[in-house]
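Subject: The structure you asked about

Hi there,

Have a look at it first, and then read on.

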Amino acid sequence: MTRDLPPLNALLAFEFVARTGSVRAAAEQMSVTPGAISRQIRLLEEHFGTTLFQRDGRGLLLTHAGSAYFHLIGPHIEGLRKAGQVLHRSAGRTVIRLHSFTTFATRWLIPRLTAFQLANPTIDVRLTTASEWDESADFDAAIRLGDGEWQNMSATPLIENILVPVCKPTQDRKAMLTPEHLMRHTLLRVRGRPDDWQRWSEALGIDIGGLTNWRELESSALAYQAALEGQGIALAQRELVKKELAEGTLIEMANGQLNCGRLTYYLVWSSNHLKEANLLLLKEWLIRREDPAIDKR
């Protein structure tokens, strides 16, 4: 196998000359003399036992064999250059691959990550999202919804999971949403959270079993947007619609809150993770819970 691998300097000299068509230009890029480049080309031709270039006036042209070889190795050498650039940029940095539910990421997590990145420039958080939990997701840490009990995982709760019906203010519900409104309007149900309405109604003693006017949406984000557009009543995680409630673009049901207790969003990672020191920094930042707009750290 080693006979198939030429000396690296000869390979780089060949690639430079093939790309520029000039020994002198290659010498300048490699910071050597033109004679050194010519010797490396001869070494490569001897290694393969074939001519790779032919003279064309003052320049060089690839032979058929040289052209075929250049087209095969060119992308790989360029890949090595790009990999080196990435390594230089990330030298001394730790990459944390973070996976989250899409709605939670857009409405709660991303503003806090922006501030975290500014305060911790040596930690690169790379976020991926999905509407539903994917057991095959590859991550260093993740935002999961559950009771905090995952085998061999460290889990820290991030918010209180308080469910409350919300909708757009209209003529018949200008400032307050009541249980009677549920019977007259469309209820928005989220595909990934099919039991929320049942859990809420049983806890508050409100019978919605006979309702038939339902609309199912893929994610909580879509349900909240549909509620903002006046298309129905969403059962929201209150922390994720605080902005709209404060602005009055959504109203909530008075006395209609259900605190789900341990069933909430957690930051989780494998116990004894190699990046645990940096993951702890991220955890401490997220559980501070300040409004990112006034975070001065």
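Below is what turned up, going from the whole chain down to single residues.

Please keep in mind that this is a predicted model.

**The chain as a whole**

The chain is built from 10 helices and 13 strands. Its C-alpha trace spans about 90 × 40 × 40 Å along the principal axes. The radius of gyration is 30 Å, whereas a compact globule of 297 residues would have one near 19 Å. Of those 297 residues, 41% count as buried. If you look at contacts between residues at least 6 apart in sequence, 75% of them join residues at least 24 apart.

**The cores and helix H5**

The largest nonpolar core holds 38 residues, and Phe104 and Leu109 have the most contacts inside it. H5 supplies the largest share of this core, with seven residues. Leaving aside residues up to four places away in sequence, Leu109 touches Leu98, Ser100, Phe104, Leu127, Ile143 and Leu286. Another core, of 20 residues, lies apart from this one, and Phe16, Ala26, Ile37 and Phe70 are among its members.

At Leu109 the helix bends by about 55°, and a proline, Pro111, follows within four residues.

**Helix H3**

H3 covers residues 34-48, which makes 15 residues, and its end-to-end C-alpha reach of 22 Å is close to the 21 Å expected at 1.5 Å a residue. Its buried residues are Ala36, Ile37, Ile41, Leu44 and Glu45. Ile37 is also among the residues of the 20-residue core. After H3 comes Gly49, with a positive phi near 70°.

**Salt bridges**

Searching the whole structure gives 14 salt bridges. Three of them are described here.

- Arg107 pairs with Glu244, their closest N and O atoms lying 3.0 Å apart. This pair links distant parts of the chain, with Arg107 in H5 (residues 102-119) and Glu244 in H9 (residues 242-247), 137 residues apart. Arg107 is partly exposed at 25% relative accessible area, while Glu244 is buried at 10%.
- Lys275 and Asp140 meet at 3.1 Å, N to O. Here too distant parts are linked: Lys275 is in the loop between E13 (264-270) and H10 (276-288), and Asp140 is in the loop between E4 (123-130) and E5 (141-146), 135 residues apart. Lys275 is partly exposed, at 24% relative accessibility, whereas Asp140 is buried, at 4%. Through shared partners, salt bridges join Arg97, Asp138, Asp140 and Lys275 into one network.
- Asp196 and Arg193 come together at 2.5 Å, N to O. Both of these residues are buried.

**Two residues with a positive phi**

Most residues other than glycine have a negative phi. Where does the chain depart from this? Ser31 has a positive phi near 60° and sits in the loop between helix H2 (23-30) and H3. Asn255 also has a positive phi near 60°, and its place is the loop between strands E11 (251-252) and E12 (258-259). Are these two residues buried or exposed? Ser31 counts as exposed because its relative accessibility is 68%, and Asn255 counts as exposed at 80%.

Best wishes

Key: Residues are numbered from 1 along each chain as its sequence is written. This is a predicted model: local features need pLDDT of at least 70, side-chain atom pairs count only at pLDDT 80 or more; totals for chains, interfaces and linings use all residues. Side-chain values use heavy atoms; hydrogens and water are left out. The expected span of a helix is 1.5 Å times one less than its number of residues. Buried means under 20% relative accessible area, exposed over 50%, partly exposed in between (1.4 Å probe, protein chains only). A salt bridge is a side-chain nitrogen of Lys or Arg within 4 Å of a carboxyl oxygen of Asp or Glu. A nonpolar core is a set of buried Ala, Val, Leu, Ile, Met, Phe, Trp, Tyr and Cys residues joined through side-chain atoms within 4.5 Å. Contact means heavy atoms within 4.5 Å. The bend at a residue is the angle between axes fitted to the seven residues ending there and the seven starting there. The radius of gyration is taken over C-alpha atoms; the globule rule is 2.2 Å times the number of residues to the power 0.38.
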